Every structure is written in structure tokens, then in C-alpha cells.
Amino acid sequence: MTPRAGASLELRGVAKAFGGVQAVVDVSLSVAPGELVSVIGPNGAGKTTLLNLVNGFYHPDAGRILLDGVDVSRLAPHRVAALGVARTFQNIALFKGMTVLDNLMLGRHVHMRAGALASLLYWGPAQREEVAHRRRVEDVIDFLRLTHLRRAITGALPYGLQKRVELGRALALEPRLLLLDEPMGGMNQEEKEDMARFILDVNEEWGTTIVLIEHDMGVVMDISDRVAVLDMGRKIAEGRPDEVRADPRVITAYLGQARARTAP
Amino acid sequence: MTGEFPPTLPGLLLRNAERFGARPAMREKDRGIWQTWTWRQSLEQVRDFALGLAALGFQRGDRLSVIGDNRPRLYWAMLAAQALGGVAVPVYQDSIARELAYVWDHAEVGVIVAEDQEQVDKVLALREALPALRAVIYDDPRGLGAYRYPWLHAFAAVQGRGRAFGRAHPGYFETEVAKGDAEDVALICYTSGTTGPPKGAMLTHRNAIATAESAARAERLRPTDEWLAYLPMAWVGDAFYTLVMSLYVGFTVNCPESPETVTRDLRELGPTVLLAPPRIWESMLTSVEVRAADATPLKRRVFTHFRAVAERVEALRAEGRPVGPGLRLQRALGELLVYGPVRDQLGLGRTRVALTGGAPLGPDTFRFFRAFGVNLKQIYGSTEVTALVALQPDGEADPGTVGRPCPGIEVRIGERGEVLVRSPGVFRGYLKAEEATREVVDADGWFHTGDAGFFDARGHLVIIDRARDVGALADGTPFAPQFIENKLKYSPYVREAVAFGHGRPFVAAMIAIDLGTVGHWAERRGLAYAGYTDLALKDEVRALLAAEVARLNRTLPAPLRVRRFVLLPKDLDPDDAEITRTRKLRRRHIADKYAAVIDALYGGRDAVELATTVTYEDGRQGVLQCRVRVQDVGAPEAAPAAEAARG
């Protein structure tokens, strides 16, 4: 288990529009190595778009995205992944017919070097490589307490466990920056607590930088080092959880204009 | 017996390192692979850790507790403490905080070795209440990186300090082990008593080794045997087999990957010796039956046919009658087609000795495994006599008895039919409870087990019930509640049962359904349910259980048949103090808590409002309120319905 230190992430004046819709407007945000930063905001605030920009699904219309100081704004998703950026999705994106182990092994693909022929013969370097990859995957399986589910078919698992497997696949990539899109969506309280524990452990044990989108404010406030708030594509606040919680602009964005004025 | 080695458990470890050197002592499945330590490596691990403890100031007589699942390092920690003349105090890892605080404080534990963050957090929460505690050591560092306490150490770090200490103090370990005396207390096992707080039974090295000697004479175990350590470390049965017997015989201990993977690990490993409580044998049988039911019609027919063959052969053998050549041929064919593959699937393919103990096992389950070629036998014992009293020799297996007393262990029946035991394994006494010790060990050294029993014609011991629970119905018929409860529990749908009848006109029962089997039954009938309580309160389920009780009543003498019962809206739970962690009923507490139900059972009412407290895993309490209906059980003629319901 050799942790790769977390990467730094910097967004400088990033903007993205879809037709007439301004999804992300002039957002700047910097995340230090090993930091856990949450991005919150009402539905449609542009949170997922922001993650999609970071991992290369979209390219920004304006602004720059720097990973460890290197501009990745124009790179394709697989290139960004190769630089150590992994993510999970709001809606689970796993191969449902495959086992947990196979899904996690797939997470290693960016690190695979052996050619098709060597892999097919499963000989020499290919075999050594497979063993090394399996070791990392086993670390992740142990870390996420999935030992009893190695051979389970992913699609047959309960929702909360599938979410955990998805986190596992992202971890198998040995990311230096982990992007989590609502990892606790649709979970019950106990599952949420487990997941929060795992996220904190990844952050603390492996020093992985984490950007988290989550709707459960309790969780966000508990585990984040810093919180950034988006509303209508703009960043309206940023700071420590207690600062953000007390920020009137945030309350307004969440509760609406009228309520905020009458609120005590 | 150990020659030049001290007559202690660490002495046996030194002997094994010399005698068995490179043979495997310990395996643990980690990262999906079985990792192995030889006897020599095990000794190194124990030595480094012991020296590390010495560096932390561990003194002779100090107590070290372990908490967690079965892990090699926790066993090594126990041996390391014993090597320094200390005492190991294993505790149940699923205990709630209050119970842990009691035991650690009572035993004045100075060092706790915890498996992982979950267990460390429990210690952290209790630390203020444990003045004697000086150090906490953890095995799995995961999640503990950010914990900064001067008294919290990683296992490997302690071993590192131990190696440095060893260089500065050559021969320290060997000298300390040599100081060990057979009469030193090696182990304190807390018995989760059915009344009052737990009591700490002190077992000496002599107790342990002498009992191992008599177990080894009763049952041939070999250094090549494979043992799976998966039962709670705090249970004396695990301590006895995993620690003592393994050291005495030299067999290999295997630790599963996690509690969830035990079934799979069992199959991979194929242990040659296996001890399992009845519920595990029952769940194995259930899994076989479920898979048979889900198989193709042809396979199902083959399975059903050969199962019947096997059970017929077993019945003939048990009665000592000859088995005809036709049946023998079919049995041989069945071995090839069914029995062998089933044993292999269950991980029993190499099992020479399979033991069940702790509670009675249903005769149907018992016969199934024997019929399928598993050498399943009953074993009987108790914490205060170092786990072992009696077991069934090969060829004398019988679901109704617990076998013959092992060599060197005397058993006689005392007043009121109580089973008394005298052996070198009889414990030193309860920690800080001389009064309680005198109550159970008399002047002649006989330990009063509290079990009522008798010897049958063959010389096998038969256990009826706890002696103090044996009473009589109003008309004078002797009444042993456990006898009736065990009959009820033979139903796959019954998880727990509590029978009443002492001083009453008839027998009544409270039954906790088995969520797994009843849930499966409901699903097959398209009966929707929201959880345990909802399921248990359904009329259909009550009817199912009424049929089951009527069926089981036929195996009971007429006056002892269960006439009325209720289904409890929750399972009996150790967290609610209704049952011990080894699943023994705490009758007095139950009688108080469910007084309203008992009144309804005997007051002729047909329903009762029940408000019962429920303790959640984090210690919070809630109240479960519902209306429970009382069910009358018809005459046994209603039994055909039961057969249909089982279908």
C-alpha cells in the first residue's frame, strides 16, 4: 500500500455554457494536496458540470484547470485519468453482470502496460503485472470491507454496496484526486455513516485529495475541510464549514429570498 | 511432560518451535491469500511482542485483554502476556460498552490489544472508567493514522520496540518464560452468567494443559490437523482449541478473512477438525436444502433419493442392525453422486472430527450429517472446567447424549440430579469472588455444573436442563423448560423459545421466529412484510407456527405439550439482556420483562398489549409497542397441516 500523495487542483475563471444556458460562470477554486473540499448548491447549480470539466468530459469555454500546476483543460478524459484523477457518478456506472473483483480490476486499466499478445498468453511480464494489479485491488477490497463480496455479481448487490463498489473502482486507479458525485445519494443513515467513514479514511490514510458533491448537509459539514457553494453556476461562497453555514448568501440560495428575509 | 520446557503454554510454544520448526502453526487469509507462519515464526512474533510489552512496563501478573475477531496477532498477544507471567483476558467483541467496562475494570486490565479502529473507539470511550489501563495496542492501523495518544501503539511498532529491548536485554524472554509455573493463572474467561454480572473464571496453565492431555487421549488429533478459528475468542471453547490444543498437539490454526467470509474460507480450507455450535450445523443443513430445492428436477430427485438411502443406512447402523448388500451398493453410489460433493461444498470434505456443543442439536440435523458421512459428535463442557468434560467416542455418536467423560475427568450425579465434575481442569476460582467460587466447588474439589443430568445404560451422560430451572407443573409432573424449548427449536421456523410451566396447570411458550426461514416461507407465498415485527405479527405466520408446535407436541409426553403460545415481536437479544452472548436464556429477566405476556398466556386472554424496550447497537434504547395475539394449539390430530406447511 504505497500511497501516492494527493494532487493539487486549481480552477481559474472556468466557464461553460450549453447553448444559452450558463452552467458554470467564472468559477475559481483551489484545492490543496490532501484537502477534502465539498461543492454544494441547489439542484442545477452546476456542480456535476464542474466535475465533468475537471475530469475532461467537457472542456471549458473560458478559464483554465490546473492539476499540480499542469493545464489539463483540453485533455481527453482518459488522459486526465492517467494523470491520477478518478471519479464516481451520481447514477451508478458499473458493469452489473461482472463480479465485484472484475469491476475493480477494470479500474486498473490505466495502469496496464502489457500488450495484447503477452496478456493473452499470460506469461512473464503480463503475469507479474496482473499480480501487482491484483495486490492493489485486494488492498482496496480490504479497505472497503468487501472481502465477502469478491465473487458476487455486482448488479445483484444492494444499492448501498454498489455505491461502495463504485468507490472501490475509483480507488483501484490509485487516484491522486478523487471526484465523488453524490456518493451517499439514496442511502439510509447507516449506509451514509459507513460511506462518510470510508471517504475520511481514504483522505487520511492515503492523503488523496477529494472533491465531493453531496446533498446531505450534515455529512458535508462533518467531513469537509472547506466548502464551496455554487448557485446558478456561480460560486457564491467558500470557506470552512461553520463559516459557510452562517453565510447569509448561502442561506438565501438554499431557502429562497422570502424565507431568508423573514428568518430570525 | 514438556521435558526441559516450562509446563506452561509459552513453554509448549518453545517446544513446538524446536520440534515442529518449519511446520505451519498459523494461517490467516489476508488480501484473499492464505498467509502462513511456521512454529518458529510464531515464536518470533510472540517473543518480539512480549519484549515490546516488557519495554512498555508489563509486569508478572499483569492482565492483557484482547478484543476482536480471530486474528493471529491477538492470539500471539495472549501468549506474549503469558510468557511474561501475565494473564490473558479475551472479551466478546460484540459486547456493548457497559459490559466491556465492567470486565476490563473488574479484571484491572493494564493492556488492551484491539483488532481495529472500531474496537479502539470502544476503548477510547471507556478510558476514563479504566484507571488500570496503561496501553492500547491495535492490529489493523486503518483509520487510526490521525489518532495521537501517547498510550496508543501499533502492534508492529510494539514489536519493533521489543526487538530493540531484546538487543539491550539478551535472554530476557527465555528467562521470563522459564520463571513460569504451572499454577500461574494463564487465562481469565468471563462467563456471561444468566444471572447477575459476568464472573471471571481463572484458569491456570495446569488446568489448560491437563485438560488438553485428556482431550488428546479421548480423540486422536495430529500435528497435521487443520483447525479453523472462527468462534468468539472470549469463549472458552475457542481459547481451549485454538490456543491450548493447537500448542499441545501442534496442529495448524487458520484464521478466516472476516466473519462474513467464514463459509467460503471453510470450503477453501477444508479443516480436518471442526467445532461448531448447533446453529451453524442447522444453517449448513438449511443451505443444502435450499440449494436442493432450487436445483433442476432431475438433480432434486437424485438428491432426495440418496438422502433417504443415507438416512435409512444411518438408522440401521445406529440401531446396530446389519445393512443389506442392496442398500450398501446404493450408499456407495450415493457417496459418489451426492454425499461427497455435498461435503465438499460445505467444506467438510476432509473433516475427520466434527463436534457440536454448547446447546443440543436437533436429532434430524444430527442424523443428516452423520448419514452424509460427516463424523459429527456431541461434546460437553463448561468454562470452569477448562471447556471439556465429555465427548462421544467414534462409533458412539448419539443426538440424545453428550458422550463419555474424557480420561482423567470424573463425573458423578449429585443431589437433585446435578452433574458434578472433578478433574485437573477444575478452575482456580472466580476472580475476586471467593464466595461464588465456594458455591460451585465443594470441599472435595467437585465442580457443581448446575446442569441436571443422568447416565444412560451405555455410560453416556445425558443433560436435561439447568438444575435450578427444573420444576414441576401444578399437578406434580416434573417440568424441565429447556427440554421443551429444545424440541420447539427443532423446527426450522423457531429461532428461540421460552417455556413456562413451573407451578402452572399446563405448559405455555413464547416463541421468537427465525427471520430467515419464515421470511423465505412468506416470500414463496407472496406474503409481503416490512421486517421482523411485521412478519411475526402476521396471522398466517401464527398459523404456520401453530401447526409446527402441534407437530412437535407429538414428540412430547401428553402433560408437557405446549397448549398456548405467543410469537414475540422481536428476537431475544443479548443487548437487551434477555439472552447471554452464548445464547443462553436469562429466565428471571425474561419473566420480569414479559410478565404481561405470561399473565395473558395463563389468564385465558387472547391478546396482550406489549411495550418492550429495545437496545440498539450504539447503546440507545427505544420502545417497541404492539398487540400480540395468543395462539391456542389444537390437539396433535391437526398435524397434517404442519406437514403441508413444511412442504
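## Domains of chain B

In this predicted model, the domain assignment divides chain B into domain 1 (9-217), domain 2 (276-349 + 351-467) and domain 3 (470-646). Taken over C-alpha atoms, the centres of domain 1 and domain 3 of chain B are 41 Å apart.

Domain 1 and domain 3 of chain B are also in contact: eight residues of domain 1 meet ten residues of domain 3. On the domain 1 side of this contact, three residues are nonpolar, four are polar and one is charged.

## Contact between the chains

Chain B contributes ten residues to its contact with chain A, and chain A contributes eleven. The chain B side that touches chain A comprises one nonpolar, five polar and four charged residues.

## The sheet of chain A

Chain A contains an open sheet of four strands in the order β2-β1-β4-β5, with antiparallel pairing. Its edge strands are β2 (21-31) and β5 (70-71) of chain A, each of which pairs on one side only.

Within this sheet, strand β1 (residues 9-18) of chain A runs antiparallel to strand β4 (residues 62-67) of chain A, and five bridges join the two. One pairing can be given by residue: L11(A) has I65(A), in β4(A), as its bridge partner.

## The helix on the sheet

Helix α1 (residues 47-54) of chain A packs on the sheet. Helix α1 touches β1, β2 and β4 of chain A, and its direction makes an angle of about 65° with that of β2(A).

Key: Residues are numbered from 1 along each chain as its sequence is written. Chains are lettered from A and ligands numbered from 1 in the order in which they are written. This is a predicted model: local features need pLDDT of at least 70, side-chain atom pairs count only at pLDDT 80 or more; totals for chains, interfaces and linings use all residues. Domain bounds come from an automatic or database domain assignment. Two residues are in contact if their C-beta atoms, placed from the backbone, lie within 7 Å. Ala, Val, Leu, Ile, Met, Phe, Trp, Tyr, Cys and Pro count as nonpolar, Asp, Glu, Lys and Arg as charged, and the others, Gly among them, as polar. Two strands pair if DSSP finds at least two bridges between them. Axes are lines fitted to C-alpha atoms, for helices over the stretch in contact, and angles run from 0 to 180 degrees between N-to-C directions.
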